[in-house]
Amino acid sequence: MLSYQTTASQRIFTFLGLFGILLLFASGIGESLSISSNVLTSSALAIIGLAIFGYTYASYAPYHSGIKNNANVLKSLTQRGVWAYVSALVLTAFYVVLYFFDAYLEPMIRGFDFISQSLSGKPATQWFVYGVLYTLAILLFGVKFIVKYRHSRYQVIRTLSVMFFQLIFAFLLPEFMARLNGDLPYYDLKSMWPLNYYLFDGYYIESFVSAQTLGIGLLIFGVLSIFVISPILTYKFGKRWYCSWVCGCGGLAETAGDAFRHLSDNSIRAWKLERWMIHSILVLITLSTVGVVHSYLLEHPEEYWLSPSVFILSVVSLLVAVVGLIYFKRRAWIAKDAKTAMIIVGALLAGFTGMHFLSDTYHVFLIPSHSLRSVYGFFVGSIFSGVIGTGFYPLLGNRVWCRFGCPMAAILGIQQKLFSKFQITTNSGQCISCGNCSAYCEMGIDVRAYAQKAEPIKRASCVGCGICAEVCPRGVLRLENTSNPNQQA
Amino acid sequence: MGGGLIGVELAEMLHSRKIDVKILIREPLFWSSVLPDTDALLVQNHLESRGVEVISNTEIKGFLTHDETRVSGVELSDNSRLEAQFVGVSIGVEPNISFLTESGLETNQGILVNKHLQTSDESIFAIGDCAELRQSDPKRRALEAVWYVARKMADALSEHLINGSFAYDQGHWFNSAKFFDLEYQTYGQVSNSSKRKNSEQHFHWHNPRMTKGLTLAYEVHSRLFLGVNAFGIRLKQSAFEHWLDQSASIDTVIKELETAHFDTEFSKNYTKELRYAFLSNNS
Ligand code: SF4
Ligand code: SF4
């Protein structure tokens, strides 16, 4: 009856896609049917690709370019209907199996051996399979996104960038590096601490060091990324340079998650929860990283020039220096957020001090340091970023992890809020209060509240996706790197 | 029926539901009661490219009904008939103030208000689509039923109620709309073709595909900049407010046009092309 919601061809391609996914999971049984699993895997991937391209064509080819979100709130999949729950369940189940019951995926993983062999010369692991699927999702849905937003060069270029970084930096380069140098641990060049929270783990550092020049080079690059490269880029362009141009989590959210962006909760309650959560996770990961390095240094007193106490002291002084500088430079308007900042810093300082006095080789605050790290790895690294972050796209929106869980977003957000040229400029009194911008903001920012008051939008959480500016029917919003970064909202 | 902003919104909503729409208008071109013909043509072209038929120079003589309960079509001025399941009428707004006739408030077309937005009973205020200014800017109408005006009045009134004295200032006229995928903005005064006086000169530019267009109005002799209509190009309001405040000349506006660029990053900046077109037109 309601034929404008989904057309027949959209449905056919959806079912084709589902068939491709089933085939992929079933590729393991190929052997028993005496069909090579390579053939099955390749055909399954080809069918999925075809389905996504077909769906894209059926959805956008009949129309002129321009914002097309028609019937978004009427479709079951995109408005928390039955299909949304079904797909959330399936996605979540996939993550649970992937993380904890990978034995069940074994036949499917073998089907990917031929790809893995040709890249790194090693048999496929469950993470390799995940990497292939993840990269494919960004590439295929990236094409869909580009077609949908083909009228906007910002969206097209940004999406090409995300696709490029995922394919080359996150997927291909690490595989090739592993081929060149077998000792090198997997290193996604564009990922940086605290996203790759394992960067400073003892075994990780050791394998870098044992991989010699290239390894040490990468380790130094890792440290530079977070302390030098990232602050400079965030100053110039805002956190968007990472969150919606480079990052893989952001990449998946923007491309595969595009249809779900309006599900992000934009209540004040969600905003408060978000601030508490990502900053607590930031504190947790900082503490546990420092703890891990601290106990590593305790364990290897001879090998490094850095002693545990000097290490803790330098971390503390760095923190105090940064906070002091910020306070000095920004005290005029920092009052609003001062409380949160003080709590974060206070927690960190107390943590470090405690660490220093209550730690022996194996314990940080009397807790074994490695279990602190593995608790983080389990709850944040696995459950949050994967299971909830991606599995819940159809229920909570596409940036759940980026909003509530990502410690990198927390750091970049603080930088964006305190010193960045980036802002969304409002075109004076042009806002008609339609609310499109707030509805489609994937970070749950109430953009309209600022636009109505003709204020620029400078929010820590804004990832600069630019969708608010696209959906605004009056051209009110413009993402800009202004020349006067001190101008405050 | 009716070729205004509400009509086109209604048409777009029906069209998005895959319902065939025809727009019947009295004028020769869509919204040419407001837009100069060059601009009206651009909009009409856009509507037609989206699959909406615009039937011009037409009036409706009567409605056809289906067992007296449902409309089944319309009869047009040339006696032809059009079948329809639904007829939307959007022929403009007029304040419905008949309920106030007994109240003693002074009314004309709307409720008359002074610059503090007070009605003839000074403890009663009127703002928005129903408020008619006793003294208005000669270039403007006394009753402007537009969202931006209503909001501006609300701002002024709250200021007046809180701080005691604040007069409503009509400011420079501006408005905006979106015709399907075509954004429209206007600042200042650009007369339509039938009301344009000889002293008002228009410079019109559009790209070959007619997806972007701009009309600048200015006085021929003094070269005073009067206003702008923009289609598919986003312009910065503050820049135009500044030029209108300064009574800038068209040449200044052309020279500084780039400062009004407000399209999204990486999109093509048309201001250079425009300036070039203007200069080669005027040399
Ligand atoms: S405010 Fe706009 S640019 Fe920022 S995250 Fe929200 S939609 Fe994207
Ligand atoms: S989408 Fe544009 S017009 Fe609508 S509320 Fe947001 S800023 Fe205002």
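This is a predicted model: local features need pLDDT of at least 70, side-chain atom pairs count only at pLDDT 80 or more; totals for chains, interfaces and linings use all residues.
The interface of chain A and chain B involves 40 residues of chain A, which are in contact with 30 residues of chain B. Between them the two chains bury about 2,700 Å², and 45% of this area lies on carbon and sulfur atoms. With both residues at pLDDT 80 or more, 17 residue pairs are in polar contact between chain A and chain B. The interface is also crossed by 2 salt bridges, one of which joins B:Asp181 to A:Lys68, with 3.5 Å between the closest N and O atoms.

On the side of chain A that touches chain B, the elements that give two or more residues are the helices α7 (153-180) and α20 (467-471) together with the strands β3 (422-426) and β4 (477-481). Among these contributions, the largest share is that of β4(A), which supplies 5 residues. Sorted by class, this side of chain A holds 16 nonpolar, 17 polar and 7 charged residues.

Definitions and conventions: Residues are numbered from 1 along each chain as its sequence is written. Chains are lettered from A and ligands numbered from 1 in the order in which they are written. Side-chain values use heavy atoms; hydrogens and water are left out. Contact means heavy atoms within 4.5 Å. Buried area is the accessible area (1.4 Å probe) that two parts lose on being put together, summed over both. A salt bridge is a side-chain nitrogen of Lys or Arg within 4 Å of a carboxyl oxygen of Asp or Glu. A polar contact is a pair of N or O atoms within 3.5 Å; within protein, one must be able to donate a hydrogen and the other to accept it, and residues adjacent in sequence count only if both atoms are side-chain atoms. Helices (H or I, at least four residues) and strands (E, at least two) are DSSP runs, numbered from the N terminus. Ala, Val, Leu, Ile, Met, Phe, Trp, Tyr, Cys and Pro count as nonpolar, Asp, Glu, Lys and Arg as charged, and the others, Gly among them, as polar.
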